[in-house]
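The following account leads through a two-part topic: how the chains are built and how they meet. Please keep the sequence and the coordinates at hand while reading.

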Amino acid sequence: MSDKHKPKSKDAEPQPASSYLTEHKGISAWLFTVDHKRIGLMYLASITVFFVVAGLLAGTLRLELLTPEADLIKSSDTYNKIFTLHGSIMIFLFIIPSVPAALGNFLLPLQIGAKDVAFPRLNLLSYYIYVLGAVFFLIVLVAGSLDTGWTFYTPYSSGRAHSQTAVIWATAGAFILGFSSILTGINFIVTVHKMRTKGMTWFKMPLMVWALYSTAIIQILATPVLAITLLLLGTERFFQIGIFDPSLGGDPVLFQHFFWFYSHPAVYIMILPAFGIMSELITVHSRKRIFGYKAIAYSSVAIAVISFLVWGHHMFASGQSPLASTLFSFLTFLVAIPTAIKVFSWVATLYKGSIALNTPMIYALSFILTFLIGGLTGLFLGTLSTDVFLHDTYFVVAHFHYVMMGGTFIAFLGGIHHWWPKMFGRMYNETAGRVAAGLVVLGFNFTFLPQFVLGIQGMPRRYHTYDMIAPEWKPAMTLGHQLSTVGTAILTAGLGLMFFYLIYSLFKGPRVTGNVWGARSLEWTHAATPPITHNFAEDPVVTTGPYEFPEIDPDMDRKGARHE
Amino acid sequence: MNPGPLTALWLSAGGPRTLPEGASSAAPEVDATFFLILYISLFFFVGIVGTMIYFVVKYRRRSPGQRTSPNEGNVHLEIVWTIVPAVIMVGLFYIGFRTWVKMHVPPQEAIEVRVTAFKWGWEFQYPRHSLSFKELIVPKGKPVKLIMSSRDVIHSFFVPAFRVKRDVLPGRYTVMWFKPTRTGSFDIRCAEYCGTSHSRMITRVHVWEYSKWKKWYDSGGGLDKLSPIEYGKHLFTTKCSSCHSDDKSRKKVIGPPLYGIYGKTEVMEGGAQVKVDDNYLRESIMYPQKKIVKGYATQNMNPFPELSDKQLNAIIDYIKTLGRKLPTGTPPKKSAPSK
């Protein structure tokens, strides 16, 4: 008797169709896969591990900073290593790969109706280069650690009389990681140019694709500069030739120019894909077309270009020429304009929409709040006179956490929750999702809002202790630090809950198939949930844009009244 | 100084002090710009987030399939919200630039002080003073120009009360200026990460009434007036005390405490035992990496090659007085324990 005729037991689930997750089983089918979706998941798992490591390091710092004196961490050298590793791991091993390599890899071919990226084997190589770079960082941990700050300023980092840590292992690791980023960038650009399905013109692409494309431009053009800079740094330290160290005839400010020439565009590598996620989430969960599609698309490219022209705003106090500082300040204000346009456009998209406050949307709306704070506080730093005061204080620390964590990370979490059912064919518990989102957003703001105040009070960054600061500041600064640490606890609780229910959903969550959110982009309309290995049963043909929701009433605004 | 309305509101609500009270001629303009940006930011924040919340409430999904607007753009609106931010951005740039230019160009008549930064302390030298100091002393109401360089890595000179900051580089001079507007003592904090004790590289700037300052400045502090031990003590305070304690407490600051070490036997990393004599002290100052006291392997003291023989001798003379009676020619009584 075939299974079809057996009476179904009460709790029998329909057997899930074979998908990219289940076809080709076994560990080598994963480790040697060329499927962009499996590669995306491998990246996702890896970056999560490093996020947890770097996050625990930050938690340790915040516990130490509860009091002005050194207590939990007695040695300043240890403190300095912890903050350096927190920054380096978060930037190089978590946030830069996060959206492009984890979500981007998964989504890009699906969203343009392609079977895979242009160079699938290169894609796998990118992942293994990432792993190799990560191995170098692990070696750093056992070879003397790192205490230069993630910025490696010279001559502290290049002089063996100064930093006595595993600088060369770290620069080698970051050098290698850069290639993962560059190769992914090349892959994405070719994919977008050459593999869009029939009917998908540039202006019918989801804005996520525009975002990934702009990011890829930056990855290819900027990352090699970092690679060479690190190579020069390692060479100076190893061979003791003078490039950046004045005691050998070098120029320490030159290092800063080279370093920030990459590292400023790098922050746009971090945020542009997050902007892409935002456009997808806001439209799907308010059932509306994006307001100002072309403005958002073009502003992504504009930001990518202008991002190369503002690096000196990290160096207003460095001793660079006043002319340079003036130009950089002006250009920095310019790059704020396309960014502002995007924020206005997302809010305008909500107008006369049908807004669902589900977990992905909670993240998307929170992004607007926290990214806005991050962006507005950037104004204080781009302004020459106020930057002199705020540079290298906790104000900067708060600003960049608001844009990187309140921006990129929050959008990333929104994206994870939005595409989770697509990736795994399982759904997480929505109540738990909302509770965790609330804790994460509350905890995040509690952690970093006091840090703006600490910065205004003149608390410098990278300070292990603050008991040598004039005594009249002690109570105020201690309060600020303690509030910040309490915030960290709330944030950690939210993330812990999230981790738990997401993993739980993979095993015990309800199975879902089909277009869970009623989205209109190809990954939802034409690919299974979860997709088959080759994405589409047949090549999709596109005739409309990606935000054509059935709820849209073409007559609504003409008649005026109807919006219920 | 009257706090502005926002600050007054904040303080009355029980909030802690935020901006340090300004003490320089630059502070009022910097603070005014700060508050301008703050008000603009609050305006846009409330406007954007408020609109967002309003839309989310008004257009929340009340029923599945609820209809939505086909709207996907509005050229007029887009032009307005491009031009208005652009104008504000250029305006803010200009306001910041204007103040900054003034902060950047020292007046011709500014009093000059040389600043040397090192791991992990500050040294201030005045042209008319033969001694250098670990704290900065300046007159109220007069412009002061600092010519700064570092003996090792990049540091940064930051006085929150004056609203000024400039990196201090090895191998070249950077210059900054300020004009103090009230008397008092204010923190100088290192603001560029420089290694182990970056957070302990803090000293003070004292602002005195001009007449008091002038008298001090003109007194010169001639070398010939000080005995070697007094001179050595002064040099020790300026160059050594940020890392070594010299009092009975033998507190470990960064390097080994020096009270009572002369004549003792110290144990080095690696187990060797060394008698602390004049040559050991001299070697420790000029070539600190040659012998490292046990437990201080990672502290990495920098050498002081700029010291003249006279200065070296004075410092050593001073160290030899710490917890030790100077020999007088008469042997100590047997009952009295020698230190």
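B:Phe124 has B:Phe133 in β3(B) as its bridge partner. The model is a predicted one, in which local features need pLDDT of at least 70 and side-chain atom pairs count only at pLDDT 80 or more, whereas totals for chains, interfaces and linings use all residues. Residues are numbered from 1 along each chain as its sequence is written, while chains are lettered from A and ligands numbered from 1 in the order in which they are written.

Two strands count as paired if DSSP finds at least two bridges between them. Both belong to an open sheet of 5 strands in chain B with mixed pairing and the order β3-β2-β1-β5-β8. Its edges are β3 (132–133) and β8 (174–178) of chain B; each has a single partner strand, so one side of each lacks a neighbour in the sheet. In general, strands of a sheet pair through backbone hydrogen bonds, either parallel or antiparallel.

Chain B also holds an open sheet of 5 strands in the order β4-β10-β9-β6-β7, again with mixed pairing. Here β4 (136–139) and β7 (164–168) of chain B stand at the edges with a single partner strand each, so one side of each is left without a neighbour in the sheet. Neighbouring strands of this sheet are turned against each other by 25° on average, direction ignored. Helix α4 (residues 210–218) of chain B packs on this sheet, where it touches β4 and β10 (202–208) of chain B, and its direction makes about 125° with that of β4(B). Such axes are lines fitted to C-alpha atoms, for helices over the stretch in contact, with angles running from 0 to 180 degrees between N-to-C directions. Contact between two residues requires that their C-beta atoms, placed from the backbone, lie within 7 Å.

The pairings of this sheet can be followed strand by strand. β4(B) and β10(B) run parallel and are joined by 4 bridges; B:Leu136 has B:Val205 in β10(B) as its bridge partner. β9(B) and β10(B) run antiparallel with 6 bridges, and B:Asp187 stands opposite B:Arg204 in β10(B). Strand β6 (residues 155–159) and strand β9 (residues 184–190) of chain B pair in the antiparallel sense over 2 bridges, with B:Arg189 in β9(B) as the bridge partner of B:Phe158.

Which residues does B:Trp213 contact, leaving aside its neighbours within four places in sequence? They are B:Ile137, B:Val138, B:Pro139 and B:Trp208. B:Trp213 lies in helix α4 of chain B and is buried, with 20 other C-beta atoms within 10 Å. A residue is buried if 20 or more other C-beta atoms lie within 10 Å of its own, exposed if 12 or fewer, and partly exposed in between, with C-beta atoms placed from the backbone.

Helix α2 (residues 27–58) of chain B has 32 residues and reaches 45 Å from its first C-alpha to its last, close to the 46 Å expected at 1.5 Å a residue; the expected span is 1.5 Å times one less than the number of residues. Its buried residues include B:Ala27, B:Val30, B:Phe34 and B:Phe55. Among the elements covering the buried residues of α2(B) are α9, α10 and α11 of chain A, together with α3 (75–104) of chain B.

Chain A itself has 16 helices and 0 strands. Buried residues make up 61% of its 564 residues. A:Val440 has its place in helix α13 of chain A and is buried, with 25 other C-beta atoms within 10 Å.
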